[in-house]
Amino acid sequence: FEILTAAKLWLALNKNLEMKIYTPLILLLLLIGCKGNSQETKQKENKTYPVQKTDAQWKAELPEMAYYVLRKAGTERAFSGPLNNNKEAGTYVCAGCQTPLYQSKYKYDSKSGWPSFDRGIDSNLEYDVDYKIGYPRTELKCSKCGGHLGHAFNDGPRETTGMRHCINSAALNFIPADENP
C-alpha cells in the first residue's frame, strides 16, 4: 500500500515540471520517514548474572577458545572439540562457572560436529534470540554467568524432545558420574 502511494506521488510530481526540483527532496523525506522493522535496533538490556567478572578476569581465567566462545559468542570449528565424541556417563558443566548444564544420558550423535543434547538442565539455561547470521536463532546461554554455549534447533530426535542443543565443546567441562558436580 505504501509503495503504491509513493508511486502515485512520483507520477503526480513528475507531471508538473515546476515540481521536478522538489521530487528528490520529497522522496528522500518519505524514505527517511518510513520506519520499518528493518530500521529498528533492539538494545540488549544489560542483564546481571550471579557470577560477575570483568572481561580481563574472564580472559585471564579461561583458555583462549573458551573465552572466545563463552564471552564473545564465538563458535569453534566443527569436529574440533574434545567433548564431541565423549561417551562417558557424567555431567557437562559451564566452563566459565562450573554450573551443571547437561547430563550425558541426553547426549546423542547429531553428526553436526558439536556435542548435541536433546534437553538440558533448564533452570541453568537461558534462551535468547540472535540474528548474527541474518535470521533468528535460539541462542543458549548459561543462566549463572551469561556465557554463550551454542544454539537450539528443532531437528533433534523425534522420539524424545525433537530438540537439538548444539553446544561448543569449549563452553563445557565434563565431570564423570563418579565425581558428582
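## Basis

A residue counts as buried at under 20% relative accessible area, as exposed at over 50% and as partly exposed in between, with a 1.4 Å probe and protein chains only. The model is predicted, so local features need pLDDT of at least 70 and side-chain atom pairs count only at pLDDT 80 or more, while totals for chains, interfaces and linings use all residues. Residues are numbered from 1 along each chain as its sequence is written, and side-chain values use heavy atoms, without hydrogens and water.

## Aromatic pairs

The structure contains 3 aromatic pairs. Rings of Phe, Tyr and Trp (its six-membered ring) pair if their centres lie within 6.5 Å; planes under 30 degrees apart are stacked, over 60 edge-to-face and the rest tilted.

One of the pairs is the tilted one of Tyr92 and Phe174, at 4.9 Å centre to centre and 55° between the planes. It joins distant parts of the chain, with Tyr92 in strand β1 (residues 90-94) and Phe174 in strand β9 (residues 172-176), 82 residues apart. Strands (E, at least two residues) are DSSP runs numbered from the N terminus. Tyr92 is buried, at a relative accessible area of 0%.

Tyr102 and Phe117 form a stacked pair, with 4.3 Å between centres and 20° between the planes. Here strand β2 (residues 100-103) supplies Tyr102 and strand β4 (residues 116-117) supplies Phe117, 15 residues apart. Tyr102 is buried at 0% relative accessibility, and Phe117 is buried with a relative accessible area of 0%.

## Ring cluster

Ring pairs connect Tyr92, Tyr102, Phe117 and Phe174 into a cluster.

## Charges over Trp58

A charge sits over a ring if NZ of Lys or CZ of Arg is within 6 Å of the ring centre and within 35 degrees of the ring normal. Lys53 lies over the face of Trp58 at 4.8 Å from the ring centre, and Arg71 lies over the face of Trp58 at 4.2 Å.

Definitions and conventions. Helix = DSSP H or I, 4+ residues; strand = E, 2+ residues; numbered from the N terminus.
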